[in-house]
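Here is a short briefing on one protein model. Start with the sequence and the structure, then read the notes below.

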Amino acid sequence: MIYLGAIVAFLNLVESADACTSAIIGANLNPYGRPILWKHRDTSTTDNKVEYVEGKNGDFSYVALYNAADRGLKEAWMGMNEAGFAVMNTASYNLKDDKVPNKQMDKEGIVMTKALRLCRTVDDFAALLDSLPRPMGVEANFGVIDAYGDGAYFETNNHSYIRFDLKDEPSGMLVRTNYSHAGRPNEGYGFVREANAECLLAPYAEKGEITSELLTETISRTFYHDGKKRNFTMSGNHALLDEDFIPRYKSTATIAIEGCPPIKPGETPDPEMVKKQYIMWTGIGYPPVSKIKAVRVSEDGVDAGLRGTLPNGHSRLGDEAVKKRAEVFSKKGKKMYIDMSKLYNSEGTGYAQKAIEENTRTYKEEIEARDK
């Protein structure tokens, strides 16, 4: 863990960076015995949608998160396929070691789309990276899980990658933000956010109680700052500086892909099993106020509110969350400030509190249906 003192020089730069907070949770840390791939997405591209893509010519069918403007569904930013393979990424800012121009970069979404079409396992993803032409046009931490319970981060630049396997991590979980552990020291972003996530998850990891609900309803909606050792969630502050929390002004989605109990080596995942057992718990727009919907890998598996059915590819639930975000934030100079009282209050009527109340019911109903 890297503490605040190591990154003072970077704090004024963080606001300008696209960023994400993510984790891979081993099946042993989940009470249902299921691995989880989680991503809290931060990006300047405000509007998202979720769509189902039917497999063709032997490719796998899959569901994925896209930018609203992506009409051709060419760049997936997180998703899962019918083989039980799931992938996401966080941007990294300390891996690039060449002079490849920016116009040839940012191909992470293209790589993940190809992975969803072709990959069945974590090893398949490694083989895919090995096969791509160089330079790959990426600087990212790719996180993946599969139906066998395996998971890994691939810290990847234009020419190579370093693999961090979940099975080699004693804690049973891996966390990444916007720097790579194998990259140049003291460069990148998200050091405080990584510490936030580790601190918030630690007591649940010790008890084996990390769930998708914990990730989307607590971690993505909590304003804890590890550098200050303080949780501002119930502070009632009307002008809290938006800096180094997991939920930020640029936060546009929280997604937890919950797999199946690991199948045995040599077995082949059944698409019907994946359709029933895998759930991509999805909240888009501004995560602290977003409604969670259970997405599955099937033609009717994406809630209509998540799909890009509105003008310019916008989704109804995404637009609703972004509208509430506008009421929560104010801008002074170049800084954004949060009115915490609109998210959380003593009466329990804040936007975040009401969303959590509804989402708790969604989780209960969907899990009961899945586990019958």
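Which residue in β5 stands opposite V63? That residue is M80. The model behind this pairing is predicted.

- Seven strands form an open sheet with antiparallel pairing, 7 strands in the order β3-β4-β5-β6-β7-β8-β9.
- At the edges lie β3 (48–53) and β9 (161–165), and each of these pairs on one side only.
- On average, neighbouring strands of the sheet are turned by 20 degrees against each other, with direction ignored.
- In general, strands of a sheet pair through backbone hydrogen bonds, in a parallel or antiparallel way.

**The β4–β5 pair**
- Strand β4 covers residues 62–67, and strand β5 covers residues 78–81.
- The two strands run antiparallel and are joined by 4 bridges.

**The packed helix**
- Helix α2 (residues 122–131) packs on the sheet.
- This helix touches β6 (86–91), β7 (140–145), β8 (151–156) and β9.
- The direction of α2 makes about 15 degrees with that of β8.

**C199**
- C199 sits in helix α3, which spans residues 191–207.
- Is C199 buried, exposed or partly exposed? C199 counts as partly exposed because its relative accessibility is 33%, between the 20% limit for buried and the 50% limit for exposed.
- Leaving aside residues up to four places away in sequence, C199 touches Y224 and D226.
- T252 is 53 residues from C199 in sequence, and their C-alpha atoms are 23 Å apart in space.

How values were computed:
Residues are numbered from 1 along each chain as its sequence is written. This is a predicted model: local features need pLDDT of at least 70, side-chain atom pairs count only at pLDDT 80 or more; totals for chains, interfaces and linings use all residues. Side-chain values use heavy atoms; hydrogens and water are left out. Two strands pair if DSSP finds at least two bridges between them. Axes are lines fitted to C-alpha atoms, for helices over the stretch in contact, and angles run from 0 to 180 degrees between N-to-C directions. Contact means heavy atoms within 4.5 Å. Buried means under 20% relative accessible area, exposed over 50%, partly exposed in between (1.4 Å probe, protein chains only).
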